[in-house]
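Dear colleague,

Please read them with the structure open beside you.

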Amino acid sequence: EWFKVRVLTNLLGAAERTPFDVALLDTFARASYLELDYRHEAANLERFRTELLPRLGSSVYVPRSYPAVTTRKVLATEWIEGEQLARSPPEVINRLIATGVDCFISQLLDVGFFHSDPHPGNLLVDARGRLVLIDFGLCAEIAAFDTRHLTSAIVNLMRGDVEGLVDDAITLRFLPPDVDREALLPPLRRVFEQGRLAAATQASESLGGGGRRR
């Protein structure tokens, strides 16, 4: 509440913003506060080990935590020897693409609890070739209602249906109902078109014998 009053309201002017903006800032404040408590992160980590790993077999790994010696300011976990996925050889990255997709789709649609900060530093490959997830400070819940619409969003994303994707984002409350579609749709279409061109170029290079590979 202190953060909401002193920062969101007084500093950022939340009282003058729309309810959607205030909810967005409130969510950011709560997540930021919880990320500073390592006991919360340890609980997230154990939940992933319990609920996600059994669904994925041996291709994905989450390190163990040690609650007995974890405090609000100190997180004790298993040490992982590994290389960042983004810095791994192309053949390793290609092999783990399907694993990564399965991993995050399962979080979103099966578990209803997902890792919210999967940047390159948080995705490792260990000596056994497993995809290893670390840093569970930012995680979020998804209601059963939202998982159904997330499925629709994934389908529209794969189809390149920009209008349908915006509809899904509104239903999922990622965007406000009165979002300016006329301003939003053109840049989104450009992004999708650039993605198609990049994918076509990459596929052409691969079929041409992989001349750029080392």
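Arginine 47 lies over the face of phenylalanine 113, at 4.0 Å from the ring centre, where a charge counts as sitting over a ring if NZ of Lys or CZ of Arg is within 6 Å of the ring centre and within 35 degrees of the ring normal. Arginine 130 is placed over the face of tyrosine 61, at 4.2 Å from the ring centre.

Please keep in mind that this is a predicted model, in which local features need pLDDT of at least 70 and side-chain atom pairs count only at pLDDT 80 or more, while totals for chains, interfaces and linings use all residues. Residues are numbered from 1 along each chain as its sequence is written, and side-chain values use heavy atoms, with hydrogens and water left out.

A search of the whole structure finds two aromatic pairs; rings of Phe, Tyr and Trp (its six-membered ring) pair if their centres lie within 6.5 Å, and planes under 30 degrees apart count as stacked, over 60 as edge-to-face and the rest as tilted. Phenylalanine 48 and phenylalanine 113 form a tilted pair, 5.3 Å centre to centre with 45° between the planes. Phenylalanine 48 lies in helix α3 and phenylalanine 113 in strand β3 (residues 113–115), so this pair ties together parts that are 65 residues apart in sequence; helices (H or I, at least four residues) and strands (E, at least two) are DSSP runs, numbered from the N terminus. Phenylalanine 48 is buried, with a relative accessible area of 2%, and phenylalanine 113 counts as buried at 5%, where buried means under 20% relative accessible area, exposed over 50% and partly exposed in between (1.4 Å probe, protein chains only).

Phenylalanine 48 also forms a tilted pair with phenylalanine 136, at 4.9 Å centre to centre and 55° between the planes. Phenylalanine 136 lies in the loop between β5 and β6 (139–141), 88 residues apart from phenylalanine 48.
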